[in-house]
Structure formats: C-alpha cells, structure tokens
Amino acid sequence: MAEHAHTETFALRVQFDTEAQQKDASTLGMWIFLITEIMFFGGMFAVYTVYRSWYPDVFAIASRSLNEIIGAINTGVLLLSSFTMVMAVRAGQLGQQKMIVIFLILTLLFGGIFLGVKAYEWNEKFVEHHIPGQADFHLDDVLPGDQGHAQLFFSIYFAMTGLHALHMVIGVGLLLTLIVQANKGKFSASYYTPVDVAGLYWHFVDVIWIFLFPLLYLIDRHPVK
Amino acid sequence: MSDPHETTHIDSVGTYVKILLALLVATGVTTAVARVDLGAFSTVVALGIACGKMLLVALFFMHIRHSNKLTRLVVVGGLLWLAILLLLTMTDFATRGILGVPGK
C-alpha cells in the first residue's frame with residue numbers, strides 16, 4: 001500500500017492505489033451528488049402529490065389541456081439521447097475516440113431537439129393564457145372559483161419542467177465540454193471517467209422526465225362522462 | 001496495476017438497443033393506457049410503468065447492474081430517503097381533516 005511511486009496520470013492520481021479504485025471513487029461521488037438531486041426534485045414531487053390529492057378534478061382538466069402526443073414524442077427523443085449517451089460511454093470503454101465524439105454530438109442533438117420542443121410547448125401556454133399569475137388566466141371547463149387551483153397546476157408544471165430544462169441546459173454545457181476534450185483525444189479505454197459520470201447525470205435527468213411525463217400530461221385522459 | 005477482478009463490463013450494442021426499444025414501447029403504452037378509464041388505478045399503472053422504465057435506465061444505462069455494493073447501497077438509501085419524504089408528508093396532509101377537533 002505504501003508504494004505511491006507511480007507516475008501521475010488522469011487515470012491514476014497519486015492519492016489512489018489503482019485505476020479501478022479511482023474509478024469507483026468517482027462513480028460513488030457522482031451518485032452521492034445525484035442522491036442530493038433526488039431529494040431536491042423530491043420536494044417538488046411532494047408539492048405535486050399534496051396539491052393533486054387536494055384538487056384531483058381540476059388537475060385532471062388542466063392535465064388534459066397539455067398535448068400528450070407532443071409530450072410522448074419528446075419523451076422518446078430524450079430516451080433516444082440516453083441511448084446515444086450510453087453508446088458514448090461504451091465507446092469510451094472500448095477506447096474508440098472518434099465514436100465518443102460522434103455519440104456525444106448525437107446526444108447533444110437529441111437534447112437540443114427536446115429543449116426546442118419544450119420551448120414550443122411553453123410558448124403555447126402563453127398563447128392559450130395558461131400562465132399562472134397572468135391577469136387573463138383562464139382554463140376552460142373549470143369553475144371561476146377553481147381557476148386559482150388551475151393556476152396552481154400550471155405553477156407546478158412550469159416549476160418542474162423548468163427545473164428539468166435547466167438541468168438539460170447544464171447537461172448541454174457538459175456535453176459541449178466533453179466533445180471538445182474527446183476531440184482532442186483526452187479519453188481512452190483506461191480513462192473516460194468524465195464521459196461516464198456525465199452519462200450518469202444525463203440518465204438521471206432522463207429518469208426525472210420519465211416521472212414528470214405521466215404525472216403532468218397523463219392524468220385521466222379518458223373521455224369525460 | 002490493473003486488477004483482473006475489477007475489469008469493466010462492456011454491454012453489447014444489442015442489449016442497449018433492446019432496452020431503448022423497451023423504453024419507447026413503455027412510453028407508448030403509458031400514453032395509450034391513460035385514455036382508458038381505470039379510476040384511481042390509472043395513477044398506479046402510470047407510476048408502475050414509470051418505475052419500470054426507471055429500473056431499466058438505472059440498471060442498464062447507469063450500469064447499476066455492474067456497480068459495486070457500496071454504490072448500490074447509496075442508490076437504495078437515496079430512494080429510501082425520498083420515500084420517507086413523500087410518506088411522512090402525506091401522513092400529515094392526508095389525515096388532517098379526519099378528526100373533528102380544533103387545531104387540525
């Protein structure tokens with residue numbers, strides 16, 4: 001254990017004994033960060049759960065005003081980006097430097113499409129006067145006294161999808177950095193940790209959306225009796 | 001310095017393609033099943049499918065399948081804390097009105 005005479009590389013810093021040990025430490029550190037993110041989003045999911053249990057009918061009507069087909073397609077785009085991300089990590093494991101760059105660019109592309117569609121959806125809310133706090137806020141089929149509860153749904157909708165989109169934007173920044181580094185040939189089969197942990201982050205953001213999609217878009221879609 | 005017991009597991013492209021297809025199909029199913037009137041059960045189905053998708057992403061895309069025990073423990077521990085957060089919050093909000101006493 002005392003032989004710390006090895007030359008320092010990206011894959012093996014002086015404080016670690018083996019490359020595997022360093023890799024495990026990085027992975028564990030990233031997961032600890034993701035756990036804090038789960039609790040961060042968890043608070044919002046708790047808010048959602050409380051208000052949906054209080055106003056289930058208004059939430060169902062508000063949910064029906066979202067376009068679930070666009071939502072489903074966008075979910076598919078995000079899942080596709082997770083696939084290309086894991087393929088970039090796989091290219092890292094195999095030390096295929098060019099493939100890392102190609103798959104990271106594809107991930108960036110799908111992530112960009114997701115954000116574009118999201119921007120379109122948000123714009124629709126402005127057109128339809130479904131912005132909470134707006135003086136002319138109005139949701140059809142909801143009693144005048146319940147309009148406040150409908151605003152609550154859209155507040156939660158914007159807060160949660162907004163926070164999710166913010167994470168996507170950060171992910172785009174990470175991808176851009178990785179693409180530049182990968183293009184310079186920084187990563188190899190023995191060192192691709194940044195690609196790996198950025199992948200964990202990207203998949204985590206994907207998982208958040210996996211829950212946001214049914215919770216926001218798919219409350220009681222069946223025809224009203 | 002490489003340890004033969006800790007070599008990286010590399011999944012095949014086919015595995016990842018199958019997982020992607022399963023995730024896309026699950027997305028289609030959850031969208032379609034939302035149009036069926038299942039009453040209160042529809043939320044259970046929606047969350048069940050979402051949990052299934054989360055498991056696929058975590059186990060395969062996030063490599064939990066090949067992770068060491070400490071990492072797995074951290075992940076399960078995190079979900080446990082989330083469960084505590086949601087459960088204890090709801091024990092309050094769901095039971096506030098059931099006793100007709102002041103100060104509820």
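The legends below describe a predicted model.

**Figure 1. Chain A is built from six helices and zero strands.** From the N terminus on, its elements run α-α-α-α-α-α. The radius of gyration of chain A is 22 Å, well over the 17 Å that the globule rule gives for 225 residues, so chain A is more spread out than a compact globule. Along the principal axes, the C-alpha atoms of chain A fill a box of roughly 75 × 35 × 30 Å. Of the 225 residues, 40% count as buried. Among contacts in chain A between residues at least 6 apart in sequence, 75% join residues at least 24 apart.

**Figure 2. Chain B has three helices and zero strands.** Read along the sequence, the pattern of chain B is α-α-α. Its radius of gyration is 20 Å, well over the 13 Å that the globule rule gives for 104 residues, so chain B is more spread out than a compact globule. The box filled by the C-alpha atoms of chain B, taken along the principal axes, is roughly 70 × 40 × 10 Å. Of the 104 residues of chain B, 18% count as buried.

**Figure 3. The side of chain B that touches chain A involves 40 residues of chain B, in contact with 41 residues of chain A.** Helix 1 (13-33), helix 2 (41-61) and helix 3 of chain B are the elements that give two or more residues to this side. Helix 3 of chain B gives the most, with 13 residues. By class, this side of chain B has 24 nonpolar, 10 polar and six charged residues.

**Figure 4. Helix 1 (residues 19-54) of chain A packs with helix 3 (residues 69-95) of chain B.** The angle between the two helices is about 20 degrees, and their axes are 9 Å apart. Angles under 35 degrees count as roughly parallel, and helix 1 of chain A and helix 3 of chain B are therefore roughly parallel to each other. Helix 1 of chain A passes helix 3 of chain B in a right-handed crossing. By class, the residues of this contact are 19 nonpolar, seven polar and no charged.

**Figure 5. Helix 6 (residues 193-217) of chain A packs with helix 2 of chain B.** The angle is about 170 degrees, with the axes 9 Å apart. That makes helix 6 of chain A roughly antiparallel to helix 2 of chain B. On the chain A side, the residues that meet helix 2 of chain B include His203(A), Val207(A), Ile210(A) and Phe211(A). Among the residues they meet on the chain B side are Ala46(B), Ala50(B), Lys53(B) and Phe61(B).

**Figure 6. Asp206(A) is found in helix 6 of chain A.** Asp206(A) has 27 other C-beta atoms within 10 Å and is therefore buried. Leaving aside its neighbours within four places in sequence, Asp206(A) is in contact with Leu78(A), Leu79(A), Ser82(A) and Val57(B). Asp206(A) and Ala20(A) are 186 residues apart in sequence and 27 Å apart in space, C-alpha to C-alpha.

**Figure 7. Helix 2 (residues 56-64) of chain A contains buried residues.** These are Val58(A), Phe59(A), Ile61(A), Ala62(A), Ser63(A) and Arg64(A). What covers them includes helix 1, helix 5 (147-183) and helix 6 of chain A.

Definitions and conventions. Residues are numbered from 1 along each chain as its sequence is written. Chains are lettered from A and ligands numbered from 1 in the order in which they are written. This is a predicted model: local features need pLDDT of at least 70, side-chain atom pairs count only at pLDDT 80 or more; totals for chains, interfaces and linings use all residues. Axes are lines fitted to C-alpha atoms, for helices over the stretch in contact, and angles run from 0 to 180 degrees between N-to-C directions. Helices (H or I, at least four residues) and strands (E, at least two) are DSSP runs, numbered from the N terminus. Angles under 35 degrees count as roughly parallel, over 145 as roughly antiparallel, 65 to 115 as roughly perpendicular and the rest as oblique. A crossing is left-handed if the near helix is turned anticlockwise from the far one by less than a right angle, and right-handed if clockwise. Ala, Val, Leu, Ile, Met, Phe, Trp, Tyr, Cys and Pro count as nonpolar, Asp, Glu, Lys and Arg as charged, and the others, Gly among them, as polar. Two residues are in contact if their C-beta atoms, placed from the backbone, lie within 7 Å. The radius of gyration is taken over C-alpha atoms; the globule rule is 2.2 Å times the number of residues to the power 0.38. A residue is buried if 20 or more other C-beta atoms lie within 10 Å of its own, exposed if 12 or fewer, and partly exposed in between; C-beta atoms are placed from the backbone.
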